[in-house]
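Please read the points with the model in view.

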Amino acid sequence: MSVKTIGVLTSGGDAPGMNAAVRAVVRMGIYNGFKVLGIHKGYEGLLHGDIEEMKIRSVGDIIQRGGTILQTARSQEFTTEAGLQKALSMSKIFGIDALIVIGGDGSYRGARDFSHLGMNVIGIPGTIDNDIGCTEYTIGYDTAMNTVLDAIDKIRDTSYSHERCSVLEVMGRHAGWIALNCGIAGGAEAIVLPEKEFDIDKDIIFPIIEGRNRGKKHYLVIVAEGVGGAVEIAKCIEEKTDIITRATILGHIQRGGSPTLRDRVMGSRMGAYAVELLMAGKRNRIVGLQNGALVDIDIEEALSMKKSIDEELVNLSKILAL
Ligand code: F6P
């Protein structure tokens with residue numbers, strides 16, 4: 001059956017650049033003769049028929065906006081067989097032949113289960129965490145890292161002025177990509193990642209004391225949310241080194257803000273590519289970036305792919321922290 005009507009939704013945690021992807025799906029879709037329906041609040045909106053037809057102007061003035069104009073949700077009901085059946089029946093009512101899901105792994109698992117009922121699903125990677133196995137890049141990652149970097153630079157000013165240590169906790173429930181890159185870009189003494197075991201004396205206290213002996217005037221430790229405990233780590237540093245240490249948990253500020261150029265372009269390219277996949281008659285694919293080029297991967301295979309932390313970058317961060 002050829003696709004005539006595309007549904008598009010954003011799911012899971014929002015990410016800057018999702019609007020660029022929605023805009024691209026809508027405009028590329030309409031340009032190529034599809035009817036495009038915007039589904040509000042992720043799978044929840046699909047279950048409840050919170051759906052509207054998108055026109056060219058529905059996505060005007062959104063490319064520069066953070067968050068997602070479609071809004072997003074994490075749906076419990078959609079994880080159940082009854083929920084999936086209800087979503088299928090709602091899709092039939094609205095005539096949806098294919099569903100484009102902008103989100104992360106959790107959203108793809110829902111999409112994969114939905115595909116087992118016959119829906120054609122296409123995934124676009126949207127999460128600030130960059131933790132999706134099948135792609136080098138996820139929409140929102142660049143903006144989030146720049147937000148973190150801006151915070152690091154500000155914290156560094158006050159840290160230097162007082163000769164203090166700062167412990168900064170950044171997002172990444174299971175992945176340390178934001179922490180690692182921002183730690184390098186911000187000149188951190190130590191970076192604590194969920195992917196790596198760490199020993200507080202060896203990996204944090206010792207580099208700080210060594211740095212002090214070499215004449216450092218301030219210290220920065222980046223902790224990924226997946227490890228957590230920034231306040232406790234700060235306390236321990238202060239106790240063991242006598243350096244006044246403050247903890248900052250950056251939180252959801254990292255998810256908002258106007259998307260960077262990279263996220264706007266990536267969102268635009270990935271959104272358009274998703275529509276092209278449907279035009280080529282493809283089914284159940286995830287859009288990804290591999291070796292700098294857009295690719296598409298079967299959804300089952302994509303879900304089985306794991307991304308491991310870049311060991312070279314981890315080693316480099318340690319050398320450059322000297
Ligand atoms: O979007 C991914 C992420 O930012 C994680 O790093 C974080 O743990 C999580 O979302 C928090 O999401 P929420 O507060 O929406 O549950």
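This is a predicted model: local features need pLDDT of at least 70, side-chain atom pairs count only at pLDDT 80 or more; totals for chains, interfaces and linings use all residues.

1. How many helices and strands are there in the protein? The count is 11 helices and 11 strands.

2. As to overall dimensions, the C-alpha atoms occupy a box of roughly 70 × 35 × 35 Å along the principal axes. The radius of gyration is 22 Å, which agrees with the value near 20 Å that a compact globule of 322 residues would have.

3. Of the 322 residues, 54% count as buried. The accessible surface amounts to about 14100 Å², and carbon and sulfur atoms account for 51% of that surface. Among contacts between residues at least 6 apart in sequence, 74% join residues at least 24 apart.

4. In soluble globular proteins, nonpolar side chains tend to be buried together. Here the largest nonpolar core has 57 residues, and the members that touch the most others are Ile100, Ile124, Leu168, Ile178 and Val287. Both domain 1 (5–140 + 259–304) and domain 2 (141–255) contribute residues to this core, so the core lies between them. Another core, of 27 residues, lies apart from it; Leu46, Tyr108, Ala111 and Cys134 are among its members.

5. Which residues is Leu168 in contact with, leaving aside its neighbours within four places in sequence? They are Val148, Ile152, Ile155, Leu220, Val221, Ile222, Val223, Thr248 and Leu250.

Note on methods
Residues are numbered from 1 along each chain as its sequence is written. Side-chain values use heavy atoms; hydrogens and water are left out. A nonpolar core is a set of buried Ala, Val, Leu, Ile, Met, Phe, Trp, Tyr and Cys residues joined through side-chain atoms within 4.5 Å. Buried means under 20% relative accessible area, exposed over 50%, partly exposed in between (1.4 Å probe, protein chains only). Domain bounds come from an automatic or database domain assignment. Contact means heavy atoms within 4.5 Å. Helices (H or I, at least four residues) and strands (E, at least two) are DSSP runs, numbered from the N terminus. The radius of gyration is taken over C-alpha atoms; the globule rule is 2.2 Å times the number of residues to the power 0.38. Accessible areas come from the Shrake-Rupley method with a 1.4 Å probe; for residues, only the protein chains shown count as cover.
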